[in-house]
Amino acid sequence: MRMVDLIELKKNNHELTKEQIHFIIKGYNDGNIPDYQMSAFLMAICFNGLSKHETAILTDEMLHSGEIIDLSEIAGVKVDKHSTGGVGDKTSLVLGPMVAACGVKVAKMSGRGLGHTGGTLDKLESIPGLQIQISKDDFIKQVNEIGIAIIGQSATLVPADQKMYALRDVTATVDCIPLIASSIMSKKLASGSDTILLDVKYGEGAFMQTKEEAKRLAQTMIEIGQHLGKDTRAAISNMNQPLGKAIGNSLEVIEAIDTLNGSGPEDLLNLCLEAGSHMLVQAKKCKNEESALKMLKRVIDTGQALDKFKEMVKYQHGNDEYIGNPELFTKAKLIIEVKAKQAGYIQTLEAKTLGIVSMKLGGGRQTKDDVIDHSVGIILNKKVGDQCKVGEVLAYIHANNEVSDELINELYGAYKIVDFFVEKPILIDEILV
């Protein structure tokens with residue numbers, strides 16, 4: 001078997017066999033297939049796609065390229081969720097403790113942020129002392145004892161995907177549904193949970209620009225999960241504006257704490273309640289979404305959800321006093337008010353632009369080696385559908401260095417204000433099962 005022949009087959013839109021896909025993934029992971037041939041193969045996939053069967057095989061081969069975590073030592077159903085990424089997306093910090101407080105095991109491996117999207121691990125590391133790299137044995141012990149752990153992905157998990165993603169990033173082959181689906185699902189399946197809930201986002205601040213693209217990606221991932229025996233569902237959600245009001249690491253942790261206290265932004269709370277209700281049904285903790293919703297609201301009202309977050313932080317060696325007293329978080333030296341120059345209603349709010357502004361303040365990475373400033377970011381005071389008057393604050397910039405007029409103008413450019421009424425957008429369009 002020769003790689004050049006397999007490239008030729010895919011270039012001519014032939015369906016590849018399991019043996020052929022195994023040859024490609026194993027050969028590339030082992031270093032026997034060079035980058036230039038793998039690049040050609042990935043580009044052929046971008047042009048011609050993969051069948052459902054090929055996509056499932058590709059995912060399975062990537063899944064078995066490294067360690068597969070066995071969570072059978074954890075009692076009960078293990079649930080996981082994955083977001084395809086967005087600006088202000090601190091969902092895991094709220095949803096995980098809520099679900100765990102209901103008595104369902106949350107065993108989650110998360111990633112870091114790059115570019116305009118934030119990473120769950122970076123947010124957690126704004127809590128002093130918190131460790132996100134723990135051993136597999138300690139991970140299992142923690143989930144068994146307190147019901148939740150959110151840690152970093154192991155370097156031995158799906159190494160073929162790590163190599164392929166780095167190559168896709170520099171060969172314009174990232175934006176391809178079969179490749180995105182197999183990349184996400186191989187990691188989720190290797191992480192060992194029994195059920196997976198996907199939050200597939202669309203819009204200006206997401207990978208998928210349209211709702212139709214997001215649904216195709218979600219359906220592809222659901223089919224992969226079903227093919228490989230996992231209960232997989234997907235929420236289709238709008239990322240045409242940031243989620244919640246906070247953008248930036250410690251600012252988002254504080255907002256997550258507020259939400260667990262029942263006083264966070266409505267859109268974030270509603271997303272977590274709806275997603276959480278499906279996770280409880282997947283885990284067979286509740287018979288339907290209505291009873292699950294009541295249970296989730298109860299653990300917020302009683303403080304059990306916040307207590308569970310505090311317990312997780314302490315277990316992972318973080319200073320849990322910060323969870324009970326968010327004023328302890330390091331504050332940025334400067335808070336700059338960005339005020340409306342015209343009256344009207346907010347029609348659009350570009351999530352990607354705001355994410356890039358936060359990154360330039362030091363709150364994100366342009367390269368994987370950049371050091372993050374956890375205290376900087378943006379707090380939004382006006383979002384889509386809100387009315388504003390001239391001179392009212394649109395947003396607050398939190399910075400540790402002087403902020404240029406150019407950067408402030410970039411933030412202004414994220415807002416479009418019109419002189420007619422604008423309805424607030426629906427956040428979750430539908431749940432696919």
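Visitor: Why is asparagine 13 called partly exposed?

Guide: Its relative accessible area is 48%. Buried means under 20% and exposed means over 50%, so a value of 48% falls in between and asparagine 13 counts as partly exposed. Note that this is a predicted model.

Visitor: Where does asparagine 13 lie?

Guide: Asparagine 13 sits in the loop between helix H1 (3-11) and helix H2 (18-29). Its phi is near 65°, a positive value in a residue other than glycine.

Visitor: Lysine 284 also has a phi near 65°. Is lysine 284 buried or exposed, and how do you know?

Guide: The relative accessibility of lysine 284 is 71%. The cut-off for exposed is over 50%, so lysine 284 counts as exposed. This residue is found in the loop between H12 and H13, and its positive phi again occurs in a residue other than glycine.

Visitor: How do you know what span to expect for helix H13?

Guide: H13 has 13 residues, 289-301, and the rule is 1.5 Å a residue.

Visitor: Which residues of H13 are buried, and what makes you put them on one side?

Guide: Ala292, Met295, Leu296, Val299 and Ile300 are the buried residues of H13. They cover an arc of only 140° around the axis, so they lie on the same side of H13. On the other side, Glu290, Lys294 and Asp301 are exposed.

Visitor: What covers the buried residues of H13?

Guide: The cover includes helix H5 (91-101), helix H11 (249-260), helix H12 (266-282) and helix H14 (304-315).

Visitor: What is found at the start of H13, and what follows H13?

Guide: At the start, a side-chain oxygen of asparagine 288 comes to within 3.3 Å of the backbone nitrogen of glutamate 290. A polar contact is a pair of N or O atoms within 3.5 Å, so the distance of this pair meets that cut-off. After H13 comes glycine 303, with a positive phi near 85°.

Visitor: Why is glutamate 54 called buried?

Guide: Glutamate 54 has 2% relative accessibility. The cut-off for buried is under 20%, so glutamate 54 counts as buried. This residue belongs to helix H4 (residues 52-63).

Visitor: What does the side chain of glutamate 54 reach, and which residues are in contact with glutamate 54?

Guide: The side chain reaches the backbone nitrogen of leucine 16 at 2.7 Å. With neighbours within four places in sequence left aside, glutamate 54 is in contact with Lys10, His14, Glu15, Leu16 and Ile21.

Visitor: Why is threonine 353 called buried?

Guide: Threonine 353 has a relative accessible area of 18%. Buried means under 20%, so the label applies to threonine 353. The residue is part of helix H16 (residues 351-363). Not counting residues up to four places away in sequence, threonine 353 touches Glu204, Glu410 and Ala414.

Visitor: Ala414 is one of the buried residues of helix H17 (residues 405-414). What makes you say that the buried residues of H17 share a side?

Guide: The buried residues of H17 are Leu407, Ile408, Leu411 and Ala414. They cover an arc of only 105° around the axis, so they are on the same side of H17. The face turned away from that side carries the exposed residues Asp405 and Glu406. What covers the buried residues of H17 includes S8, H16 and strand S9 (377-380).

Visitor: How do you know where empty space is left?

Guide: A probe the size of a water molecule is rolled over the atoms, and this shows where space remains. In this structure there are 3 cavities of 30 Å³ or more.

Visitor: Which residues line the second largest cavity?

Guide: Its lining is made of Ile21, Ile24, Ile25, Phe41, Ile45, Leu50 and Leu58. H2 and helix H3 (35-48) are the elements that give two or more residues to this lining, and H2 has the largest share, with 3 residues. The second largest cavity holds about 40 Å³ of space.

Visitor: What volume does the second largest pocket have, and how many residues line it?

Guide: The volume of the second largest pocket is about 630 Å³. The pocket is lined by 26 residues, and Gln241, Asp267, Lys383, Lys424 and Pro425 lie nearest its centre. H12 gives the most to the lining of this pocket, with 5 residues.

Definitions and conventions. Residues numbered from 1 in each chain as written. Predicted model: local features only at pLDDT ≥ 70, side-chain atom pairs only at ≥ 80, totals over all residues. Heavy atoms only, no water. Helix = DSSP H or I, 4+ residues; strand = E, 2+ residues; numbered from the N terminus. Expected span 1.5 Å × (residues − 1). Buried < 20%, exposed > 50% of the residue type's maximum accessible area, 1.4 Å probe, protein only. Arc of directions from axis to C-beta. Contact = heavy atoms within 4.5 Å. Polar contact = N/O pair within 3.5 Å; in protein donor to acceptor, adjacent residues only side chain to side chain. 1 Å grid on protein atoms, 1.4 Å probe; cavity = no way out; pocket = protein on both sides within 12 Å on 5 of 7 lines; lining within 4 Å. Points joined across faces, edges and corners; volume = space filled by probe spheres on them.
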